[in-house]
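Visitor: Could you show me around this structure, please?
Guide: Gladly, here it is.
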Amino acid sequence: MENLRDYIFNLRHQKYRKKVDEIAQNYHDLALSDKERVVRRFEYMCENEEAVILNNQQIVFMRTISNLPDCFTKEEWSEKFKNHYIHESGYVSNLLPDYTSIIQEGLLKVKERSDTYLKREIDALLKLTDKYLIEAKKLGRNDVVETLSVVPRYPALNLKQAMQFFRILHYGYMLEGGYQIVGGRIDQLFYPYLKKDMEEKILDENSALELIKDFFLSFNVDADLYDGVQQGDNGQSVVLGGIDEKGNQLFNLFSKLSLIACRQNNLIDPKINLRVNKDTPIEIFELGSELTKAGLGFPQYLNDDVIIESLIRQGYKKEDAYNYAVAACWEIVIPKYGFEIVNIGACCFFKVLEDLLKNKTDYQSFSQLLTDYKVYLEKECDSLLKQYQNIYFVPAPLIESGLEVKYQNFGIHGTGISTITDSLYSIKKLVFDDKKLSLKEFVSIINNNYENHDELFHHIKYQLPKMGQNNDEVDEIAVEVLEMFYDALKDKRNCYGGIIRPGTGTAMYYLWHGKQLGASYDGRKKSEPLSANYSPSLSTNIKGPISIIESFCKPDLIKCNNGGPLTLEFSSSMFNDDESIKKMANFIKLFVLKKGHQLQCNSVNLHNLKNAQINPDKYRNLIVRIWGWSAYFVELDKEYQDHVIARQEHSL
């Protein structure tokens with residue numbers, strides 16, 4: 001019999017799916033309020049969902065309705081766009097509700113303090129739970145009956161109940177219309193239940209591992225139904241480890257078993273983020289490196305030494321800063337207290353230079369150019385912030401019930417740091433230092449996409465120093481640009497009175513912005529992608545991964561606390577060496593000691609990637625890291641596949 005993991009991976013469970021009718025026009029005709037529409041749709045979905053329990057499945061609840069009909073017609077959305085700034089789809093995202101308190105209270109207790117709308121949603125979710133209870137009794141699944149007889153009505157009493165409660169909440173949040181609602185610090189949530197179960201001999205390490213594997217499988221049964229730019233971009237991100245205010249390491253047995261469970265499941269969800277610091281034992285880095293070796297594209301490493309200090313400096317309470325987690329990709333979120341738009345927009349560093357040089361080229365020095373660049377960068381940031389007024393979100397009673405909002409800050413990506421750094425260095429070197437050509441001539445060449453200047457193009461692209469080569473003169477430009485970005489935002493306030501957090505991630509903008517731009521002064525041609533995230537440009541001749549760390553740890557990353565990882569690809573052949581795990585672990589530790597903020601290390605095989613484009617059916621389990629999330633390579637659009645193939649492979 002096919003085991004549960006393979007059954008889900010092979011999509012056998014999708015045979016239970018169906019579609020429901022659209023409802024927006026009916027809601028419009030009834031002139032329902034926005035909140036009434038959300039609640040009525042939630043009731044409608046719960047009523048029409050079927051209870052399906054797969055063979056040997058311990059943690060249940062999966063979507064059997066494949067569509068989530070919108071609450072509003074296209075015309076109604078058009079009206080909202082006229083009067084509001086609508087972020088992405090208009091539904092809440094990238095939030096971390098307070099799973100812990102709700103699991104400790106039970107929904108009946110939450111219902112006591114709820115308004116009519118939330119009470120109705122809780123009742124609908126409990127009725128759906130009862131469907132599963134009836135189905136479990138019918139199947140003779142007494143283990144599921146025992147669990148659902150307690151949760152989610154009442155507080156969880158053991159690990160299995162706590163995990164089942166979490167699954168029902170997460171399911172409910174998505175069914176309400178939220179997307180990329182993240183899982184947060186699951187090891188801190190679940191470890192007390194695990195500890196108690198082991199003390200009472202209910203579980204041992206082996207049975208706990210199997211339960212965690214089953215729990216992680218539940219993230220994969222309907223992951224394809226969640227909104228994202230590409231398949232896999234579903235926001236199912238969790239965090240392990242970290243330190244408390246006294247510096248104690250919080251990595252525990254649940255953390256360890258979670259890393260093992262992910263490696264054994266070998267699936268893209270949940271995405272693991274590992275909080276580490278300068279005192280993290282090397283054994284933890286080794287456990288994380290085992291997942292890198294497996295080719296999962298995670299864990300992503302988060303440096304507490306940088307991130308916590310940055311949050312405190314920006315006004316977050318100390319206890320909240322120490323309890324941070326991450327959003328769907330890498331942006332920092334605060335559990336329970338944050339209703340922040342961590343990815344509200346992106347400032348394209350090269351666009352600022354492009355705009356500047358359209359208006360002026362008669363600079364007498366490079367420092368004069370940088371002075372004006374800073375002015376234009378601030379103007380670009382101001383222009384972005386002016387858009388983000390009168391923001392509208394569709395109400396979400398269930399999600400909002402898990403929040404006590406203290407922070408309503410914005411995060412803005414800074415895209416293409418290597419592109420702008422290498423471009424500015426190229427101008428400095430060729431125009432002001434060596435005087436090979438005038439700035440006006442250089443601008444003309446760039447505007448013509450290097451046409452008839454092949455020799456100059458080759459020299460710039462392949463011979464000039466680049467960010468990532470540990471060249472101080474180049475890297476100092478990156479330091480200056482990020483300081484400018486920080487300065488442009490540090491005193492700004494959003495429409496809620498919150499701060500603006502600068503970040504070093506690009507998300508999908510490395511493709512989107514790249515398509516909109518002309519050629520750049522670093523050898524990138526018109527419409528080609530920018531450098532992705534906080535990483536070197538694709539064509540950079542790298543001396544080795546350590547030189548990349550040296551370059552990218554020079555800026556003060558405490559000032560860029562919205563996140564954005566240094567992303568590195570390592571050849572899978574490197575892991576044939578028995579010492580490879582130790583080498584990788586020490587490499588990551590070096591990054592942490594150098595005050596890097598976030599790091600992704602991925603194992604790739606170029607031969608397999610190219611073959612997967614030709615014969616996708618043979619490579620369905622091939623996993624790659626895109627920006628802040630992992631995906632099955634064959635499910636990606638070709639432009640994303642091509643970019644992954646073009647990334648440089650490293651070895652240690």
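Guide: A word to begin with: contact means heavy atoms within 4.5 Å. This is a predicted model, where local features need pLDDT of at least 70, side-chain atom pairs count only at pLDDT 80 or more, and totals for chains, interfaces and linings use all residues. Residues are numbered from 1 along each chain as its sequence is written, and side-chain values use heavy atoms, leaving out hydrogens and water.

Visitor: Which residues is V150 in contact with, leaving aside its neighbours within four places in sequence?
Guide: V150 lies in the loop between α8 (142-148) and α9 (159-175); helices here are DSSP runs of H or I with at least four residues, numbered from the N terminus. The C-alpha atoms of V150 and Q161 are 7.6 Å apart, though eleven residues separate them along the chain. Beyond its sequence neighbours within four places, V150 is in contact with P155, L157 and Q161.

Visitor: Is K80 buried or exposed?
Guide: K80 sits in helix α4 (residues 74-83). Buried means under 20% relative accessible area, exposed over 50%, and partly exposed in between, using a 1.4 Å probe and protein chains only. Because its relative accessibility is 13%, K80 counts as buried.

Visitor: Which side chain makes a polar contact with the side chain of K80?
Guide: Not counting residues up to four places away in sequence, K80 touches D34, F72, I86 and Y392. A polar contact is a pair of N or O atoms within 3.5 Å; within protein, one must be able to donate a hydrogen and the other to accept it, and residues adjacent in sequence count only if both atoms are side-chain atoms. At 3.0 Å, the partner of the K80 side chain is that of D34.

How values were computed. Helices (H or I, at least four residues) and strands (E, at least two) are DSSP runs, numbered from the N terminus.
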